[in-house]
Amino acid sequence: MNYRQLVLAGILSLLAFALWTSPEFKQIAAGVAIFLFGMLSLENGFRQFTGGFLERVLRRTTNTIPKSLGFGIVSTAIMQSSSLVSVITISFLSAGLLPLITGIGIIFGANLGTTTGAWLFATIGMKMSLSAFALPMLVFGVVLNFQQPRALKAVGAILAGLGFLFLGIDFMKEGFVSYQSAVDLREYAMTGVTGLLVYTGLGILATVIMQSSHATLALTLAGLATGQITYENALALAIGANIGTTVTALIGGLGANIAGKRLAGAHLLFNMATAAIALILIEPLRWSVDFLSALMSITEDDYTVKLAMFHTLFNCLGVAVMLPLISRMASALERWLPEREEEAAAQPKYLNPAAMDSPDSANAAVRREVWHLFDQAFVILAHGLHLHREQIRNCDDLEATINNSRERINIDIDLVYRQRVKRLYSAILDFISGRMTRISSASSTESLYRLQHAAGEMVEAIKHVKHLRKNLTIYMVADNTAIRKEYNDLRLRVAMVLRETHRFYEGKFDDASTAILELDEIAVRARVDRESMVARVTKLLGAKRIDSAMATSLLNDSAYASETVDAILTGTRALLTATDVEAARTTEALSVSDAGQADIIV
């Protein structure tokens, strides 16, 4: 048994003892458990609606900082889960769909949105018994959960989640009422700076354990409503809950790439700064709450509503202070958490567990990771041809560069493949395999299959260049000008295709139909080059300019070059058409038809 298992066993033993010896604690603990289960069910329900709609809204409504702030507020207010919003944001940021500054804006908004939960619990949950509403919600939620349509299942999960939330709040309230006759928790109240710091720490601890600031606030409000927690200590617990909620984002960031880690860091910085402001200005904030309560005709002893107001005020103050600094925060996080070039090349940049929950972010993450694989494959293919990547990409006269260069580039293709490409390819396959186990549309599934095929084709291209390189390394510097020129032509054939397809990598052709037509033209030119080489080899052999061994090697290597070109073009086609499957099918059908007509004419 390892350390974690021992700790867990100890905690469970203590919990079992407390439940056995204290009926009051059992009531409260059951309420917390039911409440947390409700939060989990609520999140699961909303997750089922994130298969396209929420992602489209996110992309369209977060192109400015005010919009990203608004999205964070509204989405969290509706879903009552800042954790879910944070995880979705991390997944989109990791997939490269959002810039860091936009993600930070959403996190700021999510912190404001989560204050609506405190108002809901304070104004409704603590003022009346919610069991009457909870039980019908549970009945309808369970019935809908057994239905086949995904939308009905999601609605069922949301209804059941709300039912469990309400039921949990009632259990917590009744538990604290029972405690009044057994133990007076107010005896443990603490005042002054010591009480502020101790209860802030307890709020952090409770939120870390329960993984929900909503649960900590609900528990605090229940104790406050029954008089078991003082108003002063409740304020400190609310501040602690705000700090503790960053743990969920930090856990989500651990499995993300550097962009996700930066966003988790921004979440931590914001909540720590907000908490520090609230602790320093605790008295002015209390006076503000009292002043606003008087204006809104809230009774002086309605501490639950006043706590909700305090929670909203210090979060608004935190946003007001930090929002002007958002650009500096983003820049600072990029400096503090730099992306190491060596690690970026070998490690997946866009795949993370959070992205797997959403079809849109999952497909985007895989697509960008395949482009990353293509970029790494480009280097291996270029060096395999004894060329530098910049020569292929930027030379004005690539043919002259190849013919005049006899530089041999030492590269162990097998080793570099294992270090750079194989790890990415394996990560892509694992991610796609994991995503395939989730519910997805047919179009989304086909898109993933195309992306998987694209990655596989680039791996095949590397294998073909490895075979081509053996004779190429010898004949590209041979004294026989004829064989040297033919091998330089093989290098040029592959290099030109790499150059052409690299334009797609730069994002110059986003339309799938245009991409297929461009690739068809490149393929036709490559086929003409291949056929003309066969004719030239026959002439050179007849003229005794090359011997039969050279001719055999040249024909074999021409086949390897053709297979390399075909793999690059096929992989690029699959990658580009994965973004628009329907348009790709139509254009591919026309493309196949045109190819058939061309064969008939020939």
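How do the residues of the lining of the largest pocket divide into nonpolar, polar and charged? Hi everyone, let's take that one together. The answer is 23 nonpolar, five polar and one charged. Please keep in mind that this is a predicted model.

Let's stay with the pocket for a moment. Rolling a probe the size of a water molecule over the atoms shows where empty space is left. Here, the largest pocket holds about 1,000 Å³ of space. Its lining is made up of 29 residues. If you want to find the centre on your screen, look for Phe-25, Ile-28, Ala-206, Met-210 and Leu-219, which lie nearest to it.

Which helices supply at least two residues each to that lining? They are H1 (3–21), H2 (23–47), H9 (150–182), H10 (192–210), H11 (213–225) and H12 (231–244). H10 gives the most, with six residues.

Now let's move on to how some helices pack against each other.

First up are H19, residues 359–384, and H23, residues 442–475. Their axes are 10 Å apart, and the angle is about 5 degrees. Angles under 35 degrees count as roughly parallel, so H19 is roughly parallel to H23. On the H19 side, the contact includes Val-366, Val-370, Leu-373 and Phe-374. On the H23 side, Leu-448, Leu-451, Met-458 and Ile-462 are among the residues taking part. Sorted by class, this contact has 17 nonpolar, five polar and two charged residues.

Next, find H15, residues 282–295, and H16, residues 303–322. Here the axes come within 10 Å and cross at roughly 125 degrees. That angle makes H15 oblique to H16. The crossing is right-handed. H15 brings Ile-282, Leu-285, Ser-288, Val-289, Asp-290, Leu-292 and Ser-293 to the contact, while H16 brings Lys-306, Met-309, Phe-310, Leu-313, Phe-314 and Leu-317. Nine of these residues are nonpolar, two are polar and two are charged.

The last pair is H5, residues 82–94, with H14, residues 258–280. These two pack at an angle of about 145 degrees, with axes 8 Å apart. Their crossing is right-handed. From H5 we have Ser-86, Thr-89, Ile-90, Leu-93 and Ser-94, and they meet Ala-259, Gly-260, Leu-263 and His-267 of H14.

And how many charged residues are there in the contact of H5 with H14? There are no charged residues here, with four nonpolar and five polar ones making up the contact.

Note on methods. Residues numbered from 1 in each chain as written. Predicted model: local features only at pLDDT ≥ 70, side-chain atom pairs only at ≥ 80, totals over all residues. Heavy atoms only, no water. 1 Å grid on protein atoms, 1.4 Å probe; cavity = no way out; pocket = protein on both sides within 12 Å on 5 of 7 lines; lining within 4 Å. Points joined across faces, edges and corners; volume = space filled by probe spheres on them. Helix = DSSP H or I, 4+ residues; strand = E, 2+ residues; numbered from the N terminus. Nonpolar A, V, L, I, M, F, W, Y, C, P; charged D, E, K, R; others polar. Axes fitted to C-alpha atoms, helices over the stretch in contact; angles between N-to-C directions. Parallel < 35°, antiparallel > 145°, perpendicular 65-115°, else oblique. Left-handed = near helix turned anticlockwise from the far one by under 90°. Contact = heavy atoms within 4.5 Å.
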